[in-house]
Amino acid sequence: MAGPARPRLGPAFANVFTANLSSSLGDGVARVAAPLLAVRLTDDPFLVSGIAAAALLPWLFFAIPAGILLDRIDRRHALALANGVRTALALGLVALAWTDTLTIWFLYAVVFLYGAFETVYDGAIRAVVPSIVRPADLPRANSRIEAGEITVQNFLSAPLTSALFAVAVVVPLGVGAATYAAAFVLAFFLPAAAAGEHRSDPARGTPVRWYRQTADGFRFIWGHPMLRPLWLLSTVVGICFSAATATLVLYVLERLGVPEGWFGAFMLAGALGSLLAAAVATPLKDRFRSGPVMAVANLVTPTMLVLIGLFPVVPVAAAGLAIGFGGTTVWNVHVMSLRQAVIPSRLLGRVHGTWRTLLWGVMPLGSFLGGLLARIDLTTPLVVGGGLAVATGLVGFRFLARLPNPEDVAPTPSAPDAVDAVGAVPAPAKNALPAEDR
């Protein structure tokens, strides 16, 4: 017998979902075009790996300021700002490519600036979702967002970008600029629920200085018995993963022998795995709980990376990408849903920014290490990075397996509004972990 029908996520979520699709299409074009441009500009694996580092390095410097901004302004305006600037950057890249003046260093600069404003966009879109759906619906909402991003970034933008890239570089770059421009316009039609809160001290009626909020996210994470170990574990695995995949484009083109024009089509194997994983992420949670699902997913992806490195043939690589990317998608859905359920709305920007500052801020180190390992052999980053991530996943397996579902997490106390005035963060609920951890 079929279970009761789930309630709809509502028109507000539909608006957010549609706007994110347009921006995600631009992201897909950029993520395929940047490494392909780098390969045309240099044959040094270390410089190619630097593109991934340049994209992630802004998280180290700008994620916390972006989070503070998101908690102080209307988040619709933040989305518009991010996509407006990224439109201008994409048009600048078109001009450089058109005039044949693009160098690897110009590409580094554009990718870095793009990443800087991605910190604003990513934090804003993640902060909007928990304000318009119930905690129990967070995995389903995040699954749909992941599925939409996967569809447009991989099934649409990846093969299209690769094919057009082989004909004329400026065409896919121009498409990317147009999609960001469309997302810029759509941002103004998002619901007002996206507005930030607590820009002043309610007790004194005085504005809160932004620099007094820089440590709020860190104090909240570090004082939370679930978020602190999850943050550290995610960071270690992230470094290993970035090392393993930094030169994946070279591995696919040179070791596997996939033609440049077919690179995007080949990566569809991973996209298919991710899309299927997004569809089953919520049913898996309903059947096994979020914790066990996350623990297994955290082992599946790095194991596949090791197998891809040990067996450098197209069928193994395609299957490994499908399963590994699927594991990553399941992990992303559930870790984001747990964080959204635990973090108060007024702190979402700062906590999310702090989380990404460490997690994504140190991943460029992994990318550079991957580039150095690739100078030994293109399979070495996959085997070494993936192997270290497997070891880390085994160490954290028991902790992850005990994590609760988002709807089972007790809300964090929200009475002390002084978090914005004096930097104090309310203590997490004692029952924020499952019963056996109380």
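Author: Start with a charge over a ring. Arginine 339 lies over the face of tryptophan 355, 4.5 Å from the ring centre. This is a predicted model, and every value here is computed from it.

Phe218, Trp222, Trp231 and Trp355 form one aromatic cluster. Arginine 228 lies over the face of tryptophan 222, at 5.7 Å from the ring centre.

Now the rings themselves. A pair of aromatic rings is described by the distance of the centres and the angle of the planes. By the pairing rule, the count comes to seven aromatic pairs. One of them joins phenylalanine 218 and tryptophan 231. Their centres are 6.1 Å apart and their planes stand at 65°, so the pair is edge-to-face. The cut-off for that class is over 60 degrees.

This pair links distant parts of the chain. Phenylalanine 218 sits in helix α8, residues 216-222. Tryptophan 231 sits in helix α9, residues 227-245.

Are the two partners buried or exposed? Tryptophan 231 has 5% relative accessibility, so tryptophan 231 counts as buried. Phenylalanine 218 has 39%, so phenylalanine 218 counts as partly exposed. Buried requires under 20%.

Next, the wider chain. The protein chain holds 19 helices and two strands. Of its 438 residues, 56% count as buried. Take contacts between residues at least 6 apart in sequence: 86% of them join residues at least 24 apart.

Helix α12 covers residues 268-288, and helix α14 covers residues 314-342. Their axes come within 7 Å and cross at roughly 40°. The two helices are therefore oblique to each other. Their crossing is right-handed. On the α12 side, the contact residues are Ala269, Gly270, Ala271, Gly273, Ser274, Ala277, Ala278, Ala281 and Lys285. On the α14 side, they are Ala318, Leu321, Ala322, Phe325, Gly326, Thr329, Val330, Val333 and His334.

Arginine 289 lies in the loop between α12 and α13, the latter spanning 290-310. Arginine 289 has a positive phi of about 80°, although it is not a glycine. Most residues other than glycine have a negative phi. At 32% relative accessibility, arginine 289 counts as partly exposed.

Aspartate 100 is another case. Its phi is near 60°, again positive in a residue other than glycine. Aspartate 100 lies in the loop between α4 (75-98) and α5. At 72% relative accessibility, aspartate 100 counts as exposed.

Helix α5, residues 104-128, carries threonine 119. Threonine 119 has 2% relative accessibility, so it counts as buried. What does threonine 119 touch, not counting residues up to four places away in sequence? The partners are Pro58, Trp59, Phe62, Ala63 and Ala66.

Back to the cluster, in brief. Phe218, Trp222, Trp231 and Trp355 make up the aromatic group. Arginine 228 lies over the face of tryptophan 222, and arginine 339 over that of tryptophan 355.

Note on methods: Residues are numbered from 1 along each chain as its sequence is written. This is a predicted model: local features need pLDDT of at least 70, side-chain atom pairs count only at pLDDT 80 or more; totals for chains, interfaces and linings use all residues. Side-chain values use heavy atoms; hydrogens and water are left out. Rings of Phe, Tyr and Trp (its six-membered ring) pair if their centres lie within 6.5 Å; planes under 30 degrees apart count as stacked, over 60 as edge-to-face and the rest as tilted. Helices (H or I, at least four residues) and strands (E, at least two) are DSSP runs, numbered from the N terminus. Buried means under 20% relative accessible area, exposed over 50%, partly exposed in between (1.4 Å probe, protein chains only). A charge sits over a ring if NZ of Lys or CZ of Arg is within 6 Å of the ring centre and within 35 degrees of the ring normal. Axes are lines fitted to C-alpha atoms, for helices over the stretch in contact, and angles run from 0 to 180 degrees between N-to-C directions. Angles under 35 degrees count as roughly parallel, over 145 as roughly antiparallel, 65 to 115 as roughly perpendicular and the rest as oblique. A crossing is left-handed if the near helix is turned anticlockwise from the far one by less than a right angle, and right-handed if clockwise. Contact means heavy atoms within 4.5 Å.
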